[in-house]
Amino acid sequence: MVRRYEEPVEVRVEAALPTVDGTLALRPRPRAFVWRGRILVIRDVLDDWSERRSWWRDLGDLGERPERHVWRVEAGSAAGTGVYDLASDAADGCSDPWVLLRAQD
């Protein structure tokens, strides 16, 4: 079942590492996040994309960023694993503030 949350989370991202051709990765990937006091380690990034925010609901908060970057990740702790959608409103798509959009268990 998929549940929608829209709750702020603290996300830790990996440092930008060089790619095979020696350039830096365009966007560092999230590697763990803290949600409701639990640390969830990201085991795999399943997908990432940009989506337009709900302008009709967030009209006052859009500022210069009408889009946000979403990361679909498989993450878990000793209690179990799930699929989570994390979103960053930052221009680089991987900085604060972060929001947990959805969780699938």
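The paragraphs below treat the barrel, the pocket and some backbone details in turn.

The model is predicted, so local features need pLDDT of at least 70 and side-chain atom pairs count only at pLDDT 80 or more, whereas totals for chains, interfaces and linings use all residues. Residues are numbered from 1 along each chain as its sequence is written, and side-chain values use heavy atoms, with hydrogens and water left out.

The strands form a closed barrel of six, in the order β1-β2-β3-β4-β5-β6, with antiparallel pairing. From one strand to the next, the twist averages 45°; axes are lines fitted to C-alpha atoms, for helices over the stretch in contact, and angles run from 0 to 180 degrees between N-to-C directions. Strands are DSSP runs (E, at least two residues), numbered from the N terminus, as are helices (H or I, at least four). Two strands count as paired if DSSP finds at least two bridges between them. Four antiparallel bridges link strand β1 (residues 2-13) to strand β2 (residues 30-35), and E10 stands opposite V34 in β2.

The largest pocket has a volume of about 150 Å³. On a 1 Å grid over the protein atoms alone, a pocket is an open set of points with protein on both sides within 12 Å along at least five of seven lines, while a cavity is a set where a 1.4 Å probe fits but cannot get out; lining residues have an atom within 4 Å of a point. Grid points are joined across faces, edges and corners, and the volume is the space filled by probe spheres set on the points. Among the residues lining the largest pocket are R3, Y5, W35, R38, Y84 and D105. The elements that give two or more residues to this lining are β1, β5 (80-88) and β6 (98-104), and β5 gives the most, with four residues. By class, the lining has five nonpolar, four polar and three charged residues.

Several backbone features remain. The peptide bond from D96 to P97 is cis, with omega near 0°, and P97 is found in the loop between β5 and β6. E6, although not a glycine, has a positive phi of about 55°; this residue is in strand β1. R36 likewise is not a glycine and has a positive phi of about 55°, but R36 is in the loop between β2 and β3 (38-52). Relative accessibility is 30% for E6, which therefore counts as partly exposed, and 57% for R36, which therefore counts as exposed. Buried means under 20% relative accessible area, exposed over 50%, and partly exposed in between (1.4 Å probe, protein chains only).

Technical notes: Nonpolar A, V, L, I, M, F, W, Y, C, P; charged D, E, K, R; others polar.
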